[in-house]
Each structure stands twice: as structure tokens, then as C-alpha cells.
Amino acid sequence: MKKALLFAVVLCLAVSLGALTPVEAQKIKQGGTMVVTYKDDISTLDPAIGYDWQNWSMIKSLFNGLMDYKAGTYKLEPDLAESFTISPDGKIYTFKIRKDVKFHNGRKLTAEDIKYSIDRAVNPKTQSPGQGFFGSIKGFDDMVAGKTTELSGMTVVDPYTLRIELSRPDATFLHVMAINFAFAVPKEEVEKWGADFGKHPVGTGAFKMQEWKLGQRVVYVRNHDYYKPGLPRLDKIIFEVGVEPTVALLRLQRGQVDILGDGIPPARFLQVKNDPKNADLIIEGGQLHTGYVSMNVRMKPFDNVKVRQAVNMAINKKRICKIINNRAIPANQPLPPAMPGYDKNYKGYPYNPQKAKALLAEAGYANGFTTELYANNTDPNPRIAQAIQQDLAGIGIKANLKTLAQSAVITAGGEPDQAPMIWSGGMAWIADFPDPSNFYGPILGCGGAVKGGWNWSWYCNKDLEAKATKADAMSDPAKASQRTELWRSIFIDIMKDAPWAPIFNEQRFTMRALRLGGPDAIFVDPVHIPVNYEYVYAKDAQ
Amino acid sequence: MSYSLKKFLRNRLALFGMVMILLFSIAAIFAPFIAPHPPNKQFFEGLSIEGAPLPPNTKFWLGTDLLGRSLFSRLLFGARTSLLIGIAANGAAVLIGAFLGIIAGYVKGFLGTAIMRFTDLMMAFPALLLAIALAAIFNPSLWIVALVIALVNWVQIARVIYSQTVTLVEQEYIEAIRSIGASWPRILFVHVVPHLWPTLLVWGTLGIATTVLLEATLSFLGVGVRPPTPSWGGIIYESQSYFLDAPWLVFFPGAAIMLLSLSFNLVGDALRDVLDPTQRGRD
Amino acid sequence: MLTFLAKRLGQSILILFGVTLITFCLSFLMPADPVRMIAGRSATQATVESIRKQLGLDQPLPVQYVKYLGRLVQGDLGRSYKQKTQVRELIMSRLPATLLLMVGTIFFELLIGLPAGIYAATKRGSPTDTWIMALSFAGVSIPQFVLGLLLLYVFANMIPIFPLGGYGSLKHLVLPALTLGISGGGWYSRMIRSSMVDVLRQDFIRTARAKGLTERAVVLVHALRNAILPVVAMVGLDIGIFMAGAVVVESVYGWPGIGQLAWQAIQMVDIPIIMGVTLVAAIGIVLGNLLADLIMPFVDPRVYLR
């Protein structure tokens with residue numbers, strides 16, 4: 001356990017060090033092509049709709065928002081905005097917008113476009129999965145209810161000034177302005193293509209889409225009018241889809257592929273890692289991910305905190321990490337190590353089946369009980385669920401497995417009385433933005449503990465909810481560390497009630513061809529997941 | 001019959017199939033006594049330090065799977081899953097098919113037409129997709145998987161039985177029996193059903209071969225029998241991405257599926273030759 | 001002939017109608033809510049209900065079904081819930097891969113099945129015959145995913161002549177088509193053998209032999225011409241079956257066919273795609289059957305078109 005913790009700390013350091021390295025833009029020549037592979041099809045490139053592993057970073061290369069993160073880091077910086085001011089009460093944001101930004105169709109971007117784009121993401125007709133992020137903007141509820149078609153809180157002051165009024169102070173608001181769903185889209189193109197805009201994306205981003213062959217490939221070319229000097233570095237990116245990770249790896253070794261979009265295939269991980277030839281090609285990074293077992297606190301016997309604590313102590317997390325070839329580190333709290341608010345001094349519940357049994361006996365289940373563990377049916381999740389099942393059996397809990405399609409598990413979790421336990425893998429929580437509140441609201445807060453919600457443990461602690469509301473209202477940047485401290489205490493308090501058994505934090509292992517250059521951090525960019533395409537350059541073009 | 005029996009026994013392929021089925025049955029029935037390890041026990045020493053499965057060795061004769069379980073033990077218990085589902089699902093399919101086929105062939109009229117149009121409809125469904133969808137709806141346990149397979153597989157049997165029943169009923173002696181006032185149950189059970197036995201027996205055997213394959217396929221797609229119940233298809237599903245490094249995890253269970261299915265095919269085909277020489281080929 | 005066609009066409013439309021009805025019911029029996037998959041994890045209850053309303057999923061099932069049929073007769077298969085793309089477009093993008101795999105498969109089925117079946121028929125009762133039949137059965141009995149992985153292991157990993165899966169060139173086609181071709185070839189060889197055996201017994205063959213033709217000519221020209229018709233009918237059936245795609249082989253080889261599309265849609269409860277794919281597959285099967293039925297009277301004159 002200690003060793004794992006140490007590992008986590010070192011890793012944390014490594015991530016932040018990588019983040020500190022400045023990305024040099026001047027000396028690098030533009031040009032060259034790269035090939036990126038994905039297994040699954042790209043569903044859409046509409047920023048208001050795309051929410052998949054493959055298209056997340058692809059959309060970031062086509063579009064921009066008011067805010068973004070410094071490449072390879074979690075540090076917010078203005079993007080389409082030139083500057084911004086926040087009113088003292090934290091409720092009014094005024095963004096000055098850059099005057100040198102053009103859409104791919106040649107038209108200049110104005111404040112009107114940003115207003116249109118955010119309105120569009122909130123409009124129920126768009127069916128955006130990101131709608132909920134904009135909840136703090138004034139007029140949100142009316143628009144969701146269909147009473148209005150524009151957010152009353154947003155006003156275009158002049159063509160290059162946008163004023164956004166919030167209904168409550170929101171410390172995460174600038175993060176929301178950096179999320180894909182807030183990216184600027186041109187009204188005329190959206191109206192021209194209608195629902196097919198996602199297949200004919202037009203944005204302001206570093207790349208333009210040139211070709212899309214459904215189910216085969218997407219081709220990006222450089223946007224010569226891009227407003228950031230020297231970017232992007234590549235002339236062309238070819239995304240090939242439908243490529244099995246194992247095949248992609250082989251092709252990378254043969255020089256036909258430059259980046260494995262899905263990472264190193266788990267099954268080949270050991271072989272690849274242990275081959276000294278690959279030492280320079282593999283880049284390891286953390287990600288804002290926690291895999292956990294949720295326990296429904298409204299269902300017997302998980303309504304008893306001792307039972308939940310017993311489960312926490314029964315699971316041998318190290319063995320589970322070993323089963324997935326140590327591509328993860330054991331977790332003891334909801335937040336992943338790279339997230340602000342992570343408590344590195346917290347020890348968590350140690351692996352101790354004896355103590356767990358004793359706790360069960362105290363709770364009145366000396367002979368154990370029978371329950372159900374839901375899990376996604378894609379590898380490696382059934383395996384992990386079976387490992388958890390065996391550990392639970394060790395303290396007398398007989399957990400029958402229900403391995404189902406993702407959609408069925410999510411639906412079951414959204415019912416108050418259906419899924420006693422869920423292994424989150426395969427539907428797991430990867431944070432949308434690097435703020436601890438993102439790990440609370442929908443998955444541990446009272447707001448998510450509703451029918452159809454994502455708080456599968458149905459945990460709702462009114463005291464913590466009040467604290468969380470307070471923390472989210474602390475939008476003054478000067479209070480940032482105080483706020484982080486508050487979040488830290490909230491998550492440690494949650495662990496006292498143990499609605500989750502955190503299992504591990506998955507690490508990311510990307511592999512890139514030797515001919516690609518760029519700081520390591522952009523290949524495991526924590527925000528541009530999986531890779532920050534803008535900053536990659538081709539060594540053969542130098 | 002003794003002539004047929006001799007003919008059957010002369011068929012060496014069928015004998016081979018019989019012996020294999022017998023061996024698999026012994027393995028399934030006596031699995032708890034033969035298996036060197038409990039099938040679901042995840043051994044800590046069953047994985048390498050880095051978490052890789054072990055190739056065949058002295059402790060684990062056929063190696064271990066990705067959770068460090070004994071592959072040999074899981075294969076033995078997997079025989080239970082395959083045989084149970086094979087026999088139960090196919091039995092149910094034959095029963096449903098025979099029932100509907102006989103009714104349709106005997107009653108004719110509206111009911112008969114309705115049944116046969118319904119089988120046409122079922123024939124037009126892509127069978128595997130139908131099975132996947134049904135498995136997604138029912139959340140499979142062992143018996144549910146059997147039921148799903150039966151619901152997909154009864155159609156062909158119904159068609160064959162229907163056409164045979166129609167031929168039988170049209171024969172003159174049935175007409176004669178009917179005219180002397182025999183009741184319909186008597187006609188059906190005394191004069192029709194006995195003639196259908198050979199076909200039912202052949203289908204009862206051949207069908208198991210397809211059922212075993214379908215069960216393995218559903219498990220391979222992750223919608224079959226629920227883990228940790230050992231299932232040959234399920235073992236391959238869990239290990240397929242590792243097959244370049246751990247091919248034993250795919251090929252041992254793969255060989256088992258093939259042998260079992262092959263055996264039922266050989267025996268069924270020989271039965272058909274003996275009992276029903278007019279029916280050969282695919283159907 | 002024309003009345004036969006008209007009657008069959010009418011029946012086919014009824015069958016397709018039934019297929020859509022059953023698929024529709026099955027889709028809604030799935031224990032997952034498509035709206036929640038669209039709305040995402042931060043959605044409010046109001047959003048969920050609003051999306052449900054927009055998709056018309058709040059209406060009673062019969063109303064939804066009738067509306068679906070109404071759009072269907074205008075050729076509109078709807079849009080995917082998740083991708084928002086026209087289902088027609090999605091299916092069309094997968095069709096080339098599916099058709100290519102179908103052609104490749106039938107090629108291998110015939111390449112394996114015909115010679116094996118003919119040879120076995122001419123050596124009827126010999127050990128060669130027994131062996132060919134045993135191998136045919138083995139081909140039929142081996143699960144496609146095992147054979148697929150085996151071929152991948154041997155011909156792409158150990159001896160890397162073929163790519164490890166994927167789509168693009170003819171080289172990519174060989175292993176998936178061979179996988180399906182071996183199991184299908186088993187059926188073909190057994191069928192061609194039994195029909196050959198029947199034909200070889202007939203009088204005109206005896207006449208041909210008596211005319212002094214070589215055995216080779218008798219078998220390959222006279223007998224085969226008569227024995228091949230059931231094979232043609234079976235190819236018709238195969239065309240139908242493969243229109244549904246080959247879920248297993250596509251998944252083993254990463255082949256972007258219709259089967260994968262259907263499989264993913266079932267996982268995501270993307271009902272418009274499920275409906276569309278089933279319908280296309282059913283059309284394929286119905287047409288394949290029709291083709292087979294049209295050929296049958298030429299095979300066996302006792303069969304009339306009714």
C-alpha cells in the first residue's frame with residue numbers, strides 16, 4: 001500500500017513537472033502529416049453533441065471556446081476571449097473577444113456567434129449531452145422548460161464584447177467556458193446543414209475538416225488563417241477508424257501509423273512495455289479517472305454504513321491492478337491524484353478481510369448476505385467484477401454478477417431500487433474539467449440522486465451538499481486554495497460514509513511514432529484527451 | 001431395427017462421435033471429482049508478477065486464464081454448461097417446433113396458415129441478431145440462454161414437421177380411419193406422431209450441434225451465460241484480445257466446442273442415413 | 001409465373017411488415033432508456049423529458065409504430081439517436097464492406113465445397129469420401145470466432161502474409177472470407193456430394209458413359225450441369241443470410257460491415273439503427289429465398305411455382 005502511494009506521489013510530481021515545461025512555438029517548422037487510429041467510429045464532430053473518447057480532442061482541434069487550457073496542463077487561459085473581468089459578487093463575466101478570428105468559411109467571428117453557440121447548446125432541440133453544464137447562467141431554467149429560445153443572462157454589448165450574467169456565483173464557470181459544448185459554431189453553417197452539421201463541421205480551429213468517409217477515415221488539413229501564430233504544426237492529420245488496437249500497434253511498429261488513439265492495447269501492454277526498443281515511444285500520464293464500486297445506500301443492507309465500510313476493506317485493490325497489468329494505481333478516495341483537492345495524506349480503508357468480517361458481524365450480517373453486482377460487459381470489466389466478486393465472497397457476501405450493455409447498467413443505476421452495487425468501469429467517470437466539483441454534483445451529490453441520474457449510490461448528505469454549494473460559490477480566484485481545501489474535506493467526509501469503494505485510478509499509456517515531436521505532456525494531455533493535435537509536429541518536416 | 005443398428009455401428013465417424021459425446025458427458029457429470037482445482041478460484045500464483053496468465057505447466061495442466069484460474073477445471077465445468085444448454089435448448093426447440101408443425105399440418109385452415117406464415121416471418125429474421133436482442137432483453141442466466149436459443153431455433157423444425165405431417169394426413173388410410181369415426185387425438189397420436197419419430201430423433205441430435213455453437217457464440221459476444229459460470233465461449237470472450245500472447249486460452253476451449261459440435265453432427269447425420277434415407281444434405 | 005411473382009411479392013411485404021413490428025416491440029422491451037443515453041450525465045429531468053418528447057418516445061407505442069411506418073413508406077429510416085446521422089446513410093456506408101465480404105465468402109464456399117463434394121461423390125464409400133465428409137463436418141462444427149482467431153494467429157502473426165484484420169484491400173478480405181467460406185464450404189460439399197450421387201445413378205449418365213466419353217467429361221460436364229442447380233439455389237439463400245452482416249467475423253477482424261453496426265446499435269439502444277438494419281437484413285433474406293424458389297423448378301421439375 002505504501003509503495004503504491006509513493007508511486008502515486010511520484011507520478012503526481014511527474015505530471016506537474018511535465019506541465020511546467022513551456023511549449024516552444026517559435027523554432028518549429030510547420031508541415032508534415034500524421035496518421036491516428038481509433039477502433040470505434042467517430043459519431044459526430046458537432047461540439048454541442050460529441051462526447052466520446054475519439055471525438056473529444058478532434059472537436060477541440062476544429063473549434064475554440066472563450067477559454068482553453070495551456071497545452072499539456074490544467075491551467076486555464078483565454079482563447080477566443082482576449083481578456084475577461086469578473087464582477088465582485090462573482091455573478092457577471094464580461095469577455096472581450098479577439099478581433100482576428102475567422103471561421104473556416106472565411107467569416108469573422110463576433111460575440112454574436114458565441115452567444116448563438118451557447119444558446120444552441122442549452123436549447124433542448126439540440127439535444128446536447130452538455131446542456132447541464134450551463135446551469136448557472138441566468139435564464140437557464142426558462143430555456144430548458146422551453147419558455148424562451150435565448151438565455152436571458154447573455155448580452156452582446158458590442159460585436160466584440162459578451163456579458164454573461166449568472167444566477168449564482170459559480171467557481172467552475174470559466175471551466176465551463178472551456179468545455180467543448182461551449183465552442184463557437186457559425187449560425188449560417190448550422191442552419192445550412194441542420195442535423196448533419198456534425199458531419200460537416202465548420203469552426204475556428206487549428207484544423208479544417210477536408211474529408212469524411214463514414215466508418216473509414218476523417219482527414220483534417222491545416223487552417224492557414226488560424227489566429228495562433230505557428231500553429232498548428234502539421235499540414236494534415238488522417239484519422240483512421242475501425243482499426244483494432246492490436247492491429248494499430250503492429251502498424252505503428254511498421255511505420256504506417258503515428259499515434260495509437262486508443263492507447264496501447266491492454267493485451268499487448270506487458271510485451272510492449274518490456275521491450276527496450278519502445279522506451280522512447282511510450283508516454284505515461286495520469287488522467288482524471290477513478291474506477292469505483294457504488295453501493296446503493298437506499299437498498300438493504302447497504303443502508304448500513306458498516307456494511308459499506310466492510311466492502312471497502314474486503315477488496316484487494318492491488319490484486320485488481322495486477323489483473324490489468326498494473327495499468328492503474330489503487331485508489332482510496334473519489335478524487336484522482338492529479339485533481340486539485342486530492343488528499344495525499346488520507347490513508348483510506350486498508351485491505352483487511354478480518355476487520356471487514358467483524359464489521360459485517362457488527363452490522364448484523366455475521367453470515368453474510370446475497371446481493372448483485374452490475375458491470376459493463378466489455379473487457380476487462382467482467383474480469384474486474386469477478387475479482388471483486390471473489391473478494392466479497394471472502395467475507396461472506398455472495399454477489400451475483402449482472403454483466404450488461406453499458407446502456408442497461410446506466411439505466412439500472414438510475415433507478416432507486418434496482419442495482420445494489422455497480423462496478424463503474426467502462427462507463428467510468430473521467431472528469432469533464434479539472435475541478436473537484438465535477439466529481440461531486442452528478443455522481444455523489446443530491447442532484448444526481450434522482451431517477452435517471454448518475455449518482456448510482458443514491459448518496460445524499462445534506463450537510464455536505466451545503467458545503468459543496470458554498471465551495472462552488474467561492475469564485476474569487478484569491479480564495480482558490482481555500483476552496484480546494486473545502487473540497488478536500490468534503491471528499492474525505494464522504495469516505496466516512498463510504499457510498500463508494502474506490503478501486504483504482506487508471507493511468508494512460510500512449511504510444512507515438514518516433515517521427516513525431518512535441519513535449520510528452522501533449523501526448524497525454526489531461527484536457528485534450530487523448531492527444532493535443534495542435535502542438536504535435538513532424539520531425540521529418542524540420 | 002437391428003439392420004439399422006448394424007448399419008449405424010458400421011459408420012466409423014458416428015462411432016467416433018458417440019465415444020466423444022460419452023467422454024464429454026463423463027467430464028461434465030464427474031467434473032467436481034476430476035477437476036484438480038475449483039473452477040472459479042482465482043489463484044494468486046495463477047498469474048505472473050506482472051499479471052500475465054500462465055502457459056500450461058505442472059500445477060495448471062492447461063495453463064491459467066487472465067484471472068489466474070485453472071483453465072483445465074474451467075473447461076471441465078464448461079462442458080456442463082454446453083451440454084446442459086445444448087440438450088435443454090434443443091429439446092425445447094424440437095418440442096415447440098414439433099407442436100406447432102403438427103398443429104399447422106393437421107388443423108390447416110386459418111390456424112395452420114397463421115402458424116406457417118409466422119414461421120416464414122421468423123425465417124426472415126437474422127437469427128444471430130434476434131438471439132442477441134433477446135439475450136439483451138432477458139439478462140441471461142443459464143436457463144434463459146437456453147430459452148433464447150430455443151426461441152430462435154424452433155422455426156426450421158416446425159417447417160420440416162409441418163410438411164411431413166401434411167404428407168401423412170393426406171394419405172388414404174388416414175382418410176379411411178377418419179371416416180370410421182376415429183377421434184382426432186387417436187389419429188394424431190396413434191397414426192401421425194409415431195411416423196414423425198425418426199425426424200424428431202435426427203433433429204434432436206443434429207440440433208444440439210448448432211445449439212452448442214450458438215451458445216458459444218453468444219458467450220463469445222458477451223451476452224451469454226453470466227460470469228463466473230464457466231462457458232467455453234465465455235472463456236474465449238474473456239481472453240480473445242490476449243490471443244497472440246496466450247493462444248492456449250483460445251485454442252483449448254475452441255477445440256472443445258468444435259469436438260462437441262462435430263460429434264453431435266456425426267451422430268445425427270448417421271442417424272439420418274439410417275432412419276430417413278430420403279433426407280440428406282443441408283436440411 | 002407473373003401471378004406467382006405477384007403473390008410472393010405480396011407475401012414478402014407482409015413478412016417485412018411483421019419483421020418491423022416484432023423488431024419494434026423487441027427494441028422497447030430492452031431494459032435501457034435510449035433518452036438517458038442521449039441526454040448525458042449532467043442532464044436535468046426537464047431535459048430528459050424534452051428529448052423524449054422531441055423523439056416522440058413519450059407517445060403510446062402503437063402511435064409511434066404507425067408514425068414510423070408512415071415515414072418508412074416514404075423511404076425515411078429516421079436518424080440515429082446517438083450520431084444524428086440518417087440511418088440510410090449509415091447503412092449505405094456499411095453496405096460495400098458487407099457485399100464484398102459476401103462475394104468473397106461465396107467464392108471460398110464454392111472453391112472449397114465444389115471440388116470436395118464432386119470428388120467425394122465419385123469416390124463414394126471410399127476412405128477418401130469418409131475423410132472429406134469428416135472434414136466437411138469439422139468445417140461446419142468449428143465456431144467462426146475460433147477459426148477466425150486461428151487463421152489470424154497462423155497467417156497474420158506466425159507467418160505474416162495477411163494483415164491482422166481491417167478493411168481496404170483484397171488482402172484484407174482473404175482471411176475473413178476464408179473463415180466464413182470454410183464453414184459454408186462444409187455445407188456445400190455435403191450438398192453437392194449427395195446431389196452428384198443421385199445424378200450419377202441416372203440413365204443419361206450411363207448413356208454418356210456408353211458413348212465412350214471420358215469419366216472426367218461425364219462427371220464435370222454432364223453430371224455437374226445437373227447437380228449444380230441446388231448449389232445455385234443455396235447461393236441465393238446465402239446472399240440473404242449475409243445481408244445481415246456477419247457479426248462474429250466482423251468483430252474478430254474489425255470488418256466495418258452491417259453486423260457491427262447492428263451490434264453496436266443494440267448495445268446503445270439506438271432504435272432507428274436496429275430497425276433499419278433488421279429491415280435491410282430481412283429484405284435480403286426474403287429476396288434470397290425468392291431467388292432460390294425461382295431456381296428450384298429448374299432443379300426439380302416436380303416443383304411447380306404456386
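In this predicted model, the centres of domain 1 and domain 2 of chain A sit 29 Å apart, going by C-alpha atoms. Domain 1 of chain A gives 22 residues to the contact, and domain 2 of chain A gives 21 residues. Chain B, for its part, has 11 helices and zero strands.

- Domain 1 of chain A comes in two pieces of sequence, 2-204 and 508-538.
- Domain 2 of chain A covers 291-506.
- Put together, domain 1 of chain A and domain 2 of chain A bury about 1,800 Å² between them.
- Carbon and sulfur atoms account for 73% of that buried area.

**Chain B: the fold**
- Follow chain B along its sequence and you'll read α-α-α-α-α-α-α-α-α-α-α.
- If you boxed up the C-alpha atoms of chain B along the principal axes, the box would be roughly 80 × 45 × 30 Å.
- Take the contacts in chain B between residues at least 6 apart in sequence: 72% of them join residues at least 24 apart.

**Chain B: inside and surface**
- Chain B has 283 residues, and 59% of them count as buried.

**Chain B: charges**
- Chain B carries 18 positive and 14 negative charges.

Definitions and conventions:
Residues numbered from 1 in each chain as written. Chains lettered and ligands numbered in written order. Predicted model: local features only at pLDDT ≥ 70, side-chain atom pairs only at ≥ 80, totals over all residues. Heavy atoms only, no water. Helix = DSSP H or I, 4+ residues; strand = E, 2+ residues; numbered from the N terminus. Buried < 20%, exposed > 50% of the residue type's maximum accessible area, 1.4 Å probe, protein only. Contact = heavy atoms within 4.5 Å. Lys, Arg positive; Asp, Glu negative; His and termini not counted. Charge placed at Lys NZ, Arg CZ, Asp CG, Glu CD. Domains from an automatic or database assignment. Buried area = accessible area lost by both parts, 1.4 Å probe.
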